[in-house]
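Morning, everyone. Please have the sequence and the model open while I talk.

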Amino acid sequence: RHGAVKNEDTFKTSPFHFDLWFYFTLQNWVLDFGRPIAMVILPLEWFPLNKPSAGDYFHMAYNVITPFLLLKLIERSPKTLPRSMVYVSIIMFVMGASIHLVGDSVNHRLIFSGYQHHLSVRENPIIKNLKPETLIDSFELLYYYDEYLGHSMWYIPFFLILFIYFTGCFTPVEEESRMPVAALLLMGPSSLYYWYLVTEGQIFILYIFTFFAMMALVMHQKRKGLVLDSNGLFLFYSFIITLVLIAVWVVWLWNDKILRKKYPGVIYIPEPWAFYTLHVNNLHAAKESL
């Protein structure tokens, strides 16, 4: 029965899924983090501005591979998880990531025309002088699909699936509550990617609520005499390190007045690409002009 928890599942344990976590980490770094980098460094002649960029093809591969890996991760859970919720989440994930693909493709291609990510849509020099002015509304709509709707439909089901999997990562055997060396080696790259995901995706609220839910579940299960297995520890500690990295990032850019203007809310977490266009890209332009 879908969603049912079988009695025989309760005390099953699962070895550390090195292959799946390695594939996750590798494809996240290459296909997600690497896609804007590939778009910038590869010759523009290979991918004209009116055609998909190399990063777009990376994104397409990500949209296919990631749902498959998430499903394989759920399949390996020692606990029978709510299948209907998993399937709906996967469908929403693919829809959101696909919406983001279109919006992100156009927004990143605008960099070649002088678009600056540290400025709002209406403050960008190449946008604010458009005629008729209704074109600016169209670009703001594109930005909404990219940064808000696309991110929400992409990341909410992604973190939901991770949490659903996390609920099955408990065991009564203390000896199972330790991580192998392979898990320790993957923890750094995995945490760094989650830092990028949270900061660039502007999803700190979603991330921190997921983390708090994990903490609450750990404390609840501890009262029952259950502890996290190696896979649960890997995920939980990765989220802890991610929180530390986010704090360091915010403290480092705390007094940046320009980024403060771009992110005026109570939660100030600048995007790495906004930092790039403001500081790194401008620095390169200044050197080239000398």
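How many nonpolar, polar and charged residues are in the lining of the largest pocket? The lining has 11 nonpolar, 4 polar and 5 charged residues. Keep in mind that this is a predicted model.

Let's stay with that pocket. The largest pocket holds about 480 Å³ of space. Its lining is made of 20 residues. Nearest the centre are Tyr143, Tyr148, Gln202, Tyr263 and Glu271. Two elements give two or more residues to this lining: helix H5, residues 134–166, and helix H7, residues 204–223. H5 gives the most, with 4 residues.

Now the cavities. The structure holds 5 cavities of 30 Å³ or more. About 180 Å³ of space lies in the largest cavity. Which residues lie nearest its centre? They are Asp104, His108, Glu147, Glu200 and Glu271. In total, 22 residues line the largest cavity. By class, 8 are nonpolar, 6 are polar and 8 are charged. H1, H3, H5, H6 and helix H10, residues 272–289, each supply at least two residues of this lining. Again H5 gives the most, here with 6 residues.

On to the second largest cavity. About 80 Å³ of space lies in it. Its lining includes Arg35, Asp56, His59, Asp104, His108 and Arg109. Look back for a moment: Asp104 and His108 are also among the residues nearest the centre of the largest cavity. H1, H2 and H3 each give two or more residues to the lining of the second largest cavity. The largest share comes from H3, with 5 residues. By class, this lining divides into 3 nonpolar, 5 polar and 4 charged residues.

Next, helix H2. H2 runs over residues 54–75, so count along and you get 22 residues. From its first C-alpha to its last, H2 reaches 32 Å. That is close to the 32 Å expected at 1.5 Å a residue. Several H2 residues are buried, among them Gly55, Asp56, His59, Asn63, Pro67 and Leu70. Three of these, Gly55, Asp56 and His59, also line the second largest cavity. What do the buried residues of H2 pack against? They pack against helix H1 (18–41), helix H3 (83–109), H5 and helix H6 (181–201).

Now a word on the record. In an unreviewed entry, UniProt lists residues 57–74, 86–103, 154–173, 203–220 and 232–254 under "transmembrane region". Take two of those stretches. Over residues 57–74 the chain is 100% helix and 0% strand. The end C-alpha atoms there are 26 Å apart. Over residues 154–173 the chain is 65% helix and 10% strand. In that stretch the end C-alpha atoms are 35 Å apart.

Ser230 sits in helix H8, residues 230–252. Is Ser230 buried or exposed? Ser230 counts as buried, because its relative accessibility is 6% and the cut-off for buried is under 20%. So what is Ser230 in contact with, leaving aside neighbours within four places in sequence? The contacts are Ser14, Pro15, Phe16, Glu176, Arg178, Met179 and Pro180. Find Ser230 on your screen and check those contacts.

That's my tour. Over to you.

Methods. Residues are numbered from 1 along each chain as its sequence is written. This is a predicted model: local features need pLDDT of at least 70, side-chain atom pairs count only at pLDDT 80 or more; totals for chains, interfaces and linings use all residues. Side-chain values use heavy atoms; hydrogens and water are left out. On a 1 Å grid over the protein atoms alone, a cavity is a set of points where a 1.4 Å probe fits but cannot get out, and a pocket is an open set with protein on both sides within 12 Å along at least five of seven lines; lining residues have an atom within 4 Å of a point. Grid points are joined across faces, edges and corners, and a volume is the space filled by probe spheres set on the points. Ala, Val, Leu, Ile, Met, Phe, Trp, Tyr, Cys and Pro count as nonpolar, Asp, Glu, Lys and Arg as charged, and the others, Gly among them, as polar. UniProt positions are given in the numbering used here, feature names are shortened, and annotations may be inferred rather than shown by experiment. Buried means under 20% relative accessible area, exposed over 50%, partly exposed in between (1.4 Å probe, protein chains only). Contact means heavy atoms within 4.5 Å. The expected span of a helix is 1.5 Å times one less than its number of residues.
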